[in-house]
Amino acid sequence: GACCSYRLRDALHPLWQSPLTIPGGTRQSPINIQWRDSVYDPFLKPLKISYDPTTCLHIWNNGYSFLVEFDDSTDRSVIVGGPLENQYRLKQFHFHWGAINEWGSEHTVDSKFYPAELHLVHWNAVVYPTFEEAVMEGNGLAVIGVFLKLGAHHEGLQTLVDALPAVKHKDAVIEFDVFDPSCLIPSCPDYWTYAGSLTTPPLTESVTWIIKKKPIEVDENQLEAFRMLLFTSDGEEEKRMVDNFRPLQPLMNRTVRSSFQ
Ligand SMILES: N=Nc1ccc(S(N)(=O)=O)cc1
Ligand SMILES: [Zn+2]
């Protein structure tokens, strides 16, 4: 079916020349979240999100996705609580999406793909001196995953969408100096959490994943705006930036916990 041919196709995809999982990887991401196999953990705290919109710096097409990067030199934009033992600093957020609405997310829920998935990337600046070091440590990163579904126009996302033509090509950067990413996070507090990895190289097993149960709604034009971006640099033969999601990885010896019953 589409899934296995896609896996093979994807394994050869330039984005992930590396093997489907890193050799010896026991906690790779993304995974399918089987709702009925997730275990309610009453000790999970609510996730506390406090972002300062003025820490926003720029939008950058890095050839995998477009990243909205933040000034992470202080603790002005942080998350704490949830499954986390420390406070984690926001560094960037980005998305993964498909060529069509049938797929695009990295994680799936009961084997269902969403058309896109938002990742808000945070690092443990309490324990590690730099992001680069945190990327190499088991408790170094915390990524909030938010599913996007096709529906109503998303006002907050539109300010981002309006800037995308300016970063059409790989390596393009545009200044983007005020944005509050909490407008992209559903108000429903429910989430799943599990120990995983980065989903693009270096694929390090350093991520505490916090996947929001509720998706946000975006409209077709907004998804199409993502699909207009290019993997390629200005002057190269154009390759549309689509299907920039990694294949599902084996759960192995992991339990997905839920913050809700
Ligand atoms: N700095 N590199 C990365 C950061 C986040 C992710 S992801 N897609 O796992 O959130 C991948 C690579
Ligand atoms: Zn990602």
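This is a predicted model: local features need pLDDT of at least 70, side-chain atom pairs count only at pLDDT 80 or more; totals for chains, interfaces and linings use all residues.
Residues are numbered from 1 along each chain as its sequence is written, chains are lettered from A and ligands numbered from 1 in the order in which they are written, and side-chain values use heavy atoms, with hydrogens and water left out.

## Around the ligand

Which residues surround ligand 1? The shell consists of Gln 92, His 94, His 96, Glu 106, His 119, Val 121, Phe 131, Val 143, Leu 198, Thr 199, Thr 200 and Trp 209. Here a residue is near a molecule if one of its heavy atoms lies within 4 Å of it. By type, the shell divides into five nonpolar residues, six polar and one charged. In this sorting, Ala, Val, Leu, Ile, Met, Phe, Trp, Tyr, Cys and Pro count as nonpolar, Asp, Glu, Lys and Arg as charged, and the others, Gly among them, as polar.

Strands (E, at least two residues) and helices (H or I, at least four) are DSSP runs, numbered from the N terminus.

| Residue | Atom of ligand 1 | Distance |
|---|---|---|
| His 94 | nitrogen | 3.3 Å |
| His 96 | nitrogen | 3.3 Å |
| His 119 | oxygen | 3.4 Å |

How much of ligand 1 does the protein cover? On its own, ligand 1 has 330 Å² of accessible area, and the protein covers 87% of that. Such areas come from the Shrake-Rupley method with a 1.4 Å probe; for residues, only the protein chains shown count as cover.

## A buried histidine

Strand β9 also holds His 122. Is His 122 buried or exposed? His 122 counts as buried because its relative accessible area is 0%, where buried means under 20%, exposed over 50% and partly exposed in between (1.4 Å probe, protein chains only). Its side chain makes a polar contact with the side chain of Tyr 51, at 2.7 Å. A polar atom of the His 122 side chain also lies 3.0 Å from the backbone oxygen of Leu 120.

## Places in the loops

Now for some loops. Between β11 (173-175) and β12 (191-196), one loop holds Asp 180 and Phe 176. Asp 180 is partly exposed, at 28% relative accessible area, whereas Phe 176 is buried at 11%. Phe 176 and Thr 55 are 121 residues apart in sequence, yet their C-alpha atoms are 9.9 Å apart. For Asp 180 and Gly 235, the figures are 55 residues in sequence and 34 Å between C-alpha atoms.

Val 256 belongs to the loop between α4 (220-227) and β15 (257-258). With 7% relative accessibility, Val 256 is buried. Its C-alpha lies 6.5 Å from that of Trp 192, 64 residues away along the chain.

## Backbone details

Where are the cis peptide bonds found? One runs from Ser 29 to Pro 30, with omega near 5°, and Pro 30 is in the loop between α1 (2-11) and β1 (32-33). Another joins Pro 201 and Pro 202, with omega about 15°; Pro 202 lies in the loop between β12 and β13 (207-212).

Two aspartates have a positive phi. For Asp 110, in the loop between β8 (108-109) and β9, phi is near 50°. For Asp 171, in the loop between α3 (155-161) and β11, phi is near 75°. Asp 110 is partly exposed at 36% relative accessibility, and Asp 171 is partly exposed at 46%.

Conventions: A polar contact is a pair of N or O atoms within 3.5 Å; within protein, one must be able to donate a hydrogen and the other to accept it, and residues adjacent in sequence count only if both atoms are side-chain atoms.
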